[in-house]
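Open the model in your viewer and keep the selection tool ready.

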Amino acid sequence: RGKYGRESVVLTDVRKPSDEIRSEGPYAHLNVLNYDEVEEIVVNEGIDWIVHYAALLSAVAEMNVPLAMAVNMKGFENVLEIARIHNLRLFCPSTIGAFGPTSPRHETPDITIQRPRTIYGVTKVYGELLGEVQSCSDLESLCDVSSHTCCLCVCLCLQLSICLFCLSASLTYLSVCLCLSV
(Lines give C-alpha, C1' and ligand atoms only; values in the text may rest on other atoms or scores of the structure.)
Protein backbone atom coordinates (compact mmCIF):
# COMPACT_ATOMS: atom_id res chain seq x y z
CA ARG A 1 0.00 0.00 0.00
CA GLY A 2 2.95 2.28 0.62
CA LYS A 3 4.13 1.86 -2.97
CA TYR A 4 0.80 1.72 -4.85
CA GLY A 5 -1.49 3.73 -2.56
CA ARG A 6 -3.90 2.77 0.21
CA GLU A 7 -6.92 2.43 -2.06
CA SER A 8 -5.04 0.52 -4.79
CA VAL A 9 -4.46 -2.65 -2.76
CA VAL A 10 -7.31 -4.83 -1.49
CA LEU A 11 -6.15 -6.97 1.42
CA THR A 12 -8.02 -10.26 1.81
CA ASP A 13 -7.91 -12.96 4.45
CA VAL A 14 -10.05 -15.73 5.86
CA ARG A 15 -9.64 -14.16 9.31
CA LYS A 16 -11.66 -11.17 10.45
CA PRO A 17 -9.46 -8.06 10.42
CA SER A 18 -8.54 -5.89 13.37
CA ASP A 19 -9.77 -2.30 13.42
CA GLU A 20 -6.23 -1.20 12.60
CA ILE A 21 -6.14 -3.30 9.40
CA ARG A 22 -9.58 -2.06 8.37
CA SER A 23 -8.45 1.55 8.80
CA GLU A 24 -5.40 1.04 6.56
CA GLY A 25 -7.37 0.53 3.34
CA PRO A 26 -9.77 -1.80 1.51
CA TYR A 27 -10.24 -5.23 3.05
CA ALA A 28 -12.39 -8.19 2.01
CA HIS A 29 -13.11 -11.32 4.02
CA LEU A 30 -12.24 -14.10 1.57
CA ASN A 31 -11.88 -17.87 1.57
CA VAL A 32 -9.57 -18.92 -1.27
CA LEU A 33 -11.48 -22.21 -1.53
CA ASN A 34 -14.58 -20.33 -2.66
CA TYR A 35 -13.95 -19.81 -6.39
CA ASP A 36 -17.03 -17.61 -6.92
CA GLU A 37 -16.12 -15.36 -3.99
CA VAL A 38 -12.56 -14.87 -5.28
CA GLU A 39 -13.79 -14.13 -8.79
CA GLU A 40 -16.42 -11.69 -7.50
CA ILE A 41 -13.78 -9.65 -5.68
CA VAL A 42 -11.51 -9.69 -8.75
CA VAL A 43 -14.31 -8.39 -10.97
CA ASN A 44 -15.94 -5.94 -8.54
CA GLU A 45 -12.67 -4.39 -7.37
CA GLY A 46 -11.05 -4.25 -10.83
CA ILE A 47 -8.11 -6.38 -9.71
CA ASP A 48 -5.30 -6.77 -12.25
CA TRP A 49 -2.63 -8.34 -10.04
CA ILE A 50 -2.91 -11.09 -7.41
CA VAL A 51 -0.22 -11.71 -4.82
CA HIS A 52 -1.19 -15.15 -3.51
CA TYR A 53 0.05 -16.06 -0.02
CA ALA A 54 -2.85 -18.22 1.19
CA ALA A 55 -1.41 -21.48 2.56
CA LEU A 56 -1.24 -23.70 5.58
CA LEU A 57 2.40 -23.88 6.63
CA SER A 58 4.34 -26.96 7.67
CA ALA A 59 3.33 -27.64 11.29
CA VAL A 60 -0.37 -26.90 10.76
CA ALA A 61 -0.39 -28.72 7.41
CA GLU A 62 0.99 -31.90 8.97
CA MET A 63 -1.73 -31.82 11.64
CA ASN A 64 -4.55 -31.42 9.10
CA VAL A 65 -3.47 -32.90 5.75
CA PRO A 66 -6.89 -32.73 4.03
CA LEU A 67 -7.26 -29.03 4.87
CA ALA A 68 -3.67 -28.31 3.81
CA MET A 69 -4.22 -30.01 0.47
CA ALA A 70 -7.46 -28.08 -0.03
CA VAL A 71 -6.04 -24.65 0.83
CA ASN A 72 -2.59 -25.09 -0.70
CA MET A 73 -3.64 -26.92 -3.85
CA LYS A 74 -7.30 -26.18 -4.58
CA GLY A 75 -6.90 -22.60 -3.40
CA PHE A 76 -3.99 -22.12 -5.80
CA GLU A 77 -5.93 -23.83 -8.61
CA ASN A 78 -8.79 -21.37 -8.05
CA VAL A 79 -6.50 -18.34 -8.15
CA LEU A 80 -4.57 -19.65 -11.16
CA GLU A 81 -7.75 -20.25 -13.16
CA ILE A 82 -9.25 -16.87 -12.26
CA ALA A 83 -5.97 -15.20 -13.24
CA ARG A 84 -6.03 -17.04 -16.57
CA ILE A 85 -9.64 -16.20 -17.36
CA HIS A 86 -9.31 -12.52 -16.40
CA ASN A 87 -5.79 -11.99 -17.80
CA LEU A 88 -4.33 -11.10 -14.41
CA ARG A 89 -0.76 -11.07 -13.27
CA LEU A 90 -0.22 -13.56 -10.46
CA PHE A 91 2.66 -13.86 -8.02
CA CYS A 92 2.80 -16.94 -5.80
CA PRO A 93 6.07 -17.36 -3.91
CA SER A 94 7.65 -20.72 -3.35
CA THR A 95 9.59 -21.82 -0.30
CA ILE A 96 12.67 -23.69 0.79
CA GLY A 97 10.12 -26.27 2.00
CA ALA A 98 9.76 -27.35 -1.66
CA PHE A 99 13.19 -28.98 -1.41
CA GLY A 100 13.96 -32.28 0.27
CA PRO A 101 16.89 -34.08 1.85
CA THR A 102 18.27 -35.10 -1.56
CA SER A 103 18.35 -31.51 -2.87
CA PRO A 104 21.81 -29.91 -3.03
CA ARG A 105 22.38 -27.72 0.03
CA HIS A 106 25.04 -25.41 -1.41
CA GLU A 107 24.93 -23.55 -4.71
CA THR A 108 21.59 -25.20 -5.50
CA PRO A 109 21.02 -25.07 -9.27
CA ASP A 110 17.88 -23.49 -10.72
CA ILE A 111 16.61 -26.85 -11.92
CA THR A 112 17.19 -29.56 -9.33
CA ILE A 113 15.60 -32.50 -7.58
CA GLN A 114 13.06 -31.41 -4.98
CA ARG A 115 11.28 -34.41 -3.33
CA PRO A 116 10.04 -32.64 -0.15
CA ARG A 117 9.13 -34.70 2.91
CA THR A 118 6.29 -32.52 4.22
CA ILE A 119 2.74 -32.02 2.97
CA TYR A 120 3.43 -28.27 2.80
CA GLY A 121 6.48 -28.86 0.59
CA VAL A 122 4.60 -31.29 -1.65
CA THR A 123 1.77 -28.79 -2.14
CA LYS A 124 4.25 -26.03 -3.02
CA VAL A 125 5.97 -28.23 -5.63
CA TYR A 126 2.52 -29.03 -7.02
CA GLY A 127 1.82 -25.30 -7.35
CA GLU A 128 5.16 -24.66 -9.05
CA LEU A 129 4.58 -27.44 -11.56
CA LEU A 130 0.97 -26.45 -12.22
CA GLY A 131 2.02 -22.84 -12.83
CA GLU A 132 4.85 -24.01 -15.09
CA VAL A 133 2.52 -26.13 -17.22
CA GLN A 134 0.00 -23.28 -17.51
CA SER A 135 2.72 -20.75 -18.37
CA CYS A 136 4.29 -22.94 -21.01
CA SER A 137 0.97 -23.67 -22.72
CA ASP A 138 0.02 -19.98 -22.69
CA LEU A 139 3.42 -18.84 -23.92
CA GLU A 140 3.47 -21.29 -26.81
CA SER A 141 0.47 -19.48 -28.25
CA LEU A 142 2.18 -16.09 -27.76
CA CYS A 143 5.66 -16.88 -29.01
CA ASP A 144 6.53 -18.20 -32.44
CA VAL A 145 10.10 -19.33 -33.11
CA SER A 146 11.31 -18.63 -29.59
CA SER A 147 8.56 -20.42 -27.67
CA HIS A 148 11.07 -22.82 -26.10
CA THR A 149 13.20 -19.92 -24.88
CA CYS A 150 10.11 -18.33 -23.33
CA CYS A 151 9.19 -21.57 -21.61
CA LEU A 152 12.70 -22.02 -20.26
CA CYS A 153 12.72 -18.50 -18.85
CA VAL A 154 9.33 -19.08 -17.24
CA CYS A 155 10.37 -22.38 -15.70
CA LEU A 156 13.54 -20.89 -14.25
CA CYS A 157 11.69 -17.92 -12.80
CA LEU A 158 9.10 -20.21 -11.28
CA GLN A 159 11.77 -22.40 -9.78
CA LEU A 160 13.45 -19.39 -8.18
CA SER A 161 10.22 -17.51 -7.34
CA ILE A 162 11.76 -14.36 -8.76
CA CYS A 163 9.61 -11.26 -9.18
CA LEU A 164 11.35 -9.24 -11.86
CA PHE A 165 8.59 -6.81 -12.97
CA CYS A 166 9.87 -6.88 -16.52
CA LEU A 167 6.65 -7.44 -18.44
CA SER A 168 6.30 -7.62 -22.20
CA ALA A 169 3.40 -5.68 -23.72
CA SER A 170 2.38 -8.75 -25.73
CA LEU A 171 2.30 -10.99 -22.66
CA THR A 172 -1.30 -11.16 -21.49
CA TYR A 173 -1.05 -13.79 -18.75
CA LEU A 174 1.52 -14.66 -16.14
CA SER A 175 1.31 -17.60 -13.77
CA VAL A 176 3.66 -15.79 -11.44
CA CYS A 177 5.31 -12.42 -11.76
CA LEU A 178 7.78 -13.28 -14.51
CA CYS A 179 10.34 -11.84 -16.83
CA LEU A 180 9.93 -12.75 -20.48
CA SER A 181 13.22 -12.26 -22.29
CA VAL A 182 13.38 -13.34 -25.92
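Start with the largest pocket: 39 residues line it, and Val10, Thr12, Ile50, Val51 and His52 lie nearest its centre. A pocket here is an open set of points on a 1 Å grid over the protein atoms alone, where a 1.4 Å probe fits, with protein on both sides within 12 Å along at least five of seven lines; lining residues have an atom within 4 Å of a point. This is a predicted model: local features need pLDDT of at least 70, side-chain atom pairs count only at pLDDT 80 or more, and totals for chains, interfaces and linings use all residues. Residues are numbered from 1 along each chain as its sequence is written, and side-chain values use heavy atoms, with hydrogens and water left out.

Next, select β1 (11–13), α2 (35–45), β3 (49–51), α4 (65–85) and β4 (89–91), the elements that give two or more residues to the lining of the largest pocket. Helices (H or I, at least four residues) and strands (E, at least two) are DSSP runs, numbered from the N terminus. With four residues, α2 gives the most to this lining.

Now go to the largest nonpolar core, which has 20 residues. Such a core is a set of buried (under 20% relative accessible area, 1.4 Å probe, protein chains only) Ala, Val, Leu, Ile, Met, Phe, Trp, Tyr and Cys residues joined through side-chain atoms within 4.5 Å. Pick Ile50, Leu88 and Leu90: they have the most contacts inside the core. α2 and α4 each give two or more residues to this core. α4 gives the most, with seven residues.

Last, select Leu67 in helix α4. Is Leu67 buried or partly exposed? Leu67 counts as partly exposed because its relative accessibility is 37%, between the limits of 20% and 50%.
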